[in-house]
Amino acid sequence: MSEAGAVTTHQAATEAATPVRAGERTRAVAHALPPERLLDVRHLKKYFPIKGGFFGSTVGAVKAVDDVNLHVDTGEILSLVGESGCGKTTTSRCVLRAVNPTSGEILFRIGDDEVIDVAKLSDRELRPLWRNMQMIFQDPFGSLNPRKNLFDIIGEPLLVNGVKSRQERMDRVAELLGLVGLRPEYMHRYPHAFSGGQRQRVVIARALALNPKLVVADEAVSALDVSVQAQILNLLLELQERLGLSYLFVAHDLSIVKHISHRVAVMYVGKIVETAPTDPLFHAPLHPYTSALMAAVPQADPRRRSEMIRLEGEVANPAKPPSGCYFHPRCPFATAQCKAETPLLREVRPGHFVACHRAEELDLPGVERGTPSLGTSRAEG
Amino acid sequence: MPQTPTATEATRKGADRRPLLSVRGLKTYFELDEGTVRAVDGVSFDVMPGEVLGIVGESGCGKSITMKSILRLVAKPGRIVGGEILYRPDPVGRAGGGGAEIDLTKLRKDGRRMRNIRGGEIALIPQEPMASFSPLHTIGEQIIEAIRLHQDVSKKEARAMAIERLREVGVPSPEQRVGAYSWQLSGGLRQRAIIAMALSCHPKLLVADEPTTAIDVTTQAQVLALLRELQAEHGSSIIFITHDLGVIAQVADRVVVMYLGRVMERGPVDDIFHAPKHPYTKALLRSVPNMDTEPRVALPTVEGSIPHPLHKPTGCPFHPRCPDAIPGLCDVKVPALRPVDSDQPVACFLYHREVEGE
């Protein structure tokens, strides 16, 4: 909370001192961000108009993303979790400017002392941005052109960004293939020759071609088979460490999120309801929705067939959200205050932000610690 | 940790009862121009009355084709080429002449008897609730149609039954929802409506094909709890097909683990999860990150990827990815599914040397 306030004064102070280069209104001043910060999203909103009536006038708006604040530090993995329709994908698309946000700032560090506001970039200015920000999609079958071989697929971002020499591109593609655990000889093959897991490796190689700083991974492993999912998760973690990458990891599977992330932001109907480092979020959640979400994950252990706390009802409609706290109709702890007032995201413990009126008084169950891992407890005996 | 009572009870009860459904050496092949895809290649398992049998496996393991074979819904060029699917409408044998067996593979796919069984006695809960309802008719009309297809009741009675089923699965204000179209319902309600339709004729066996894969976790928890409640109430059996080990652990009494058209291992749910025998089952369990694994540490993986169904390896289908494969044996001969523990047959040469078909 204090961050935003501090930064605006900072910004005002430094803006006067630094001359703004002509035509570069989008460039914020580097001091606006702490040095470790790579991405800082402030008050991001994305409303989709609802057209209705005879003349197609706008009769309302789907508030897909409604005042979202989040940040990613260099070398950090932030996961954005939530159920379908919560706005996690729209948020990630706004960060990449794959969709244009309605309002808000998306500050992104492209150099040591160069920070830009992605939200204000013109379409022409987006291409250099995408050198620094790349995306990994969910479906490895839909995201590769079947008529191009791997050299063309992985080499295309290089060509587009000025690597004209074919030999240079071949060297880089070979290097990238090696990086993601594929043999360099594969570069002349076509996507159909590869399995889902191998295709996802190709998608990752393409995303890394231009040495991006931030990789947005939207459900990057959800379409893969269990035995292949672990390989890709391992690869993502290894690359992150080796190349110092940062990930904005959009996912719905909490087990994977817990495994991969440094910090987690939980979204519900377009808003972030809780954000914290992974360990406190999972072991001591402060928002009833986070707690319920974790309780609903089926544990892969028949001995823990506890009565999953069943959350009644379904996710609210973002076109007609309820009053007050959007979660109150499903919340077992809701009071009159929750019906009337929208809770703000506030820092309840250091680094642990939550949007709940009753955060201090509730004692919510999280994930239990320390149970033997599966498949080994009796297997080796 | 307390032992789940349901798992052991079902096995114990099962001992003196005959299975409701026995699949024996089922083979379903697809004849393609490129060659024959042996989608289901000698699969055997039993479904006891009142139990939830989980079938778990990754893509291409044949779990869905097994389900389609049972319902006789395999479309051309697919064909059941071998094995039996023995259905016993009255496994307990209380009705005098009980114990009659029907081999579903011998029935005509679209014959009267099969059509009566399909939907009436064995019902399907499909994966995609959106694709399973016609958008042109109300969900009520579709449930009523299903009821009247199998039961001799008037439209009015059928409508009352449809409302009753919808109420039973927890659809709020069913009197109004019976007149709703599927696209007017949310994902969770649509899945409940599908379950209501599957239950409309009180089937003895429900085949649920990934019924919660397309829905969110909180809704999934609701649907799983609902299925368990309904099953306890009606005593019907369920074949629950999924790739999600978490879901299997939560709902199944016994588990069948499949890989590339074959059963790798079978057993009570607690043994499969806590004392897996087959290297594939072990690998599968280890490679899933769960809430207890150490964060950001490399997960144990299964090497390689699932082979293309047209290019299945010789010998044990898992041998190219198996860390314990025995050269000269696993890559040549197919291990038979043989009991290792009393109730846990495994198809693996690490435990026995019996070769399939010998």
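What covers the buried residues of helix 5 of chain B? The views below start from the whole chain and come back to that.

This is a predicted model, in which local features need pLDDT of at least 70 and side-chain atom pairs count only at pLDDT 80 or more, while totals for chains, interfaces and linings use all residues. Residues are numbered from 1 along each chain as its sequence is written, with chains lettered from A and ligands numbered from 1 in the order in which they are written.

**View 1. Chain B has twelve helices and twelve strands.** Helices (H or I, at least four residues) and strands (E, at least two) are DSSP runs, numbered from the N terminus. The C-alpha atoms of chain B fill a box of roughly 65 × 50 × 45 Å along the principal axes.

**View 2. Here is helix 5 (residues 139-150) of chain B.** Its buried residues (20 or more other C-beta atoms within 10 Å of their own, with C-beta atoms placed from the backbone) include B:Ile139, B:Ile143 and B:Ile147. Among what covers the buried residues are helix 3 (112-120), helix 6 (155-168) and helix 8 (187-199) of chain B.

**View 3. Chain A meets chain B through 43 residues of chain A and 47 residues of chain B.** Two residues are in contact if their C-beta atoms, placed from the backbone, lie within 7 Å. Helix 6 (196-208), helix 7 (226-243), helix 8 (254-260) and helix 10 (288-296) of chain A each give two or more residues to the side that touches chain B. Helix 7 of chain A gives the most, with eight residues.

Terms used: Expected span 1.5 Å × (residues − 1). Buried ≥ 20, exposed ≤ 12 C-beta atoms within 10 Å, placed from the backbone.
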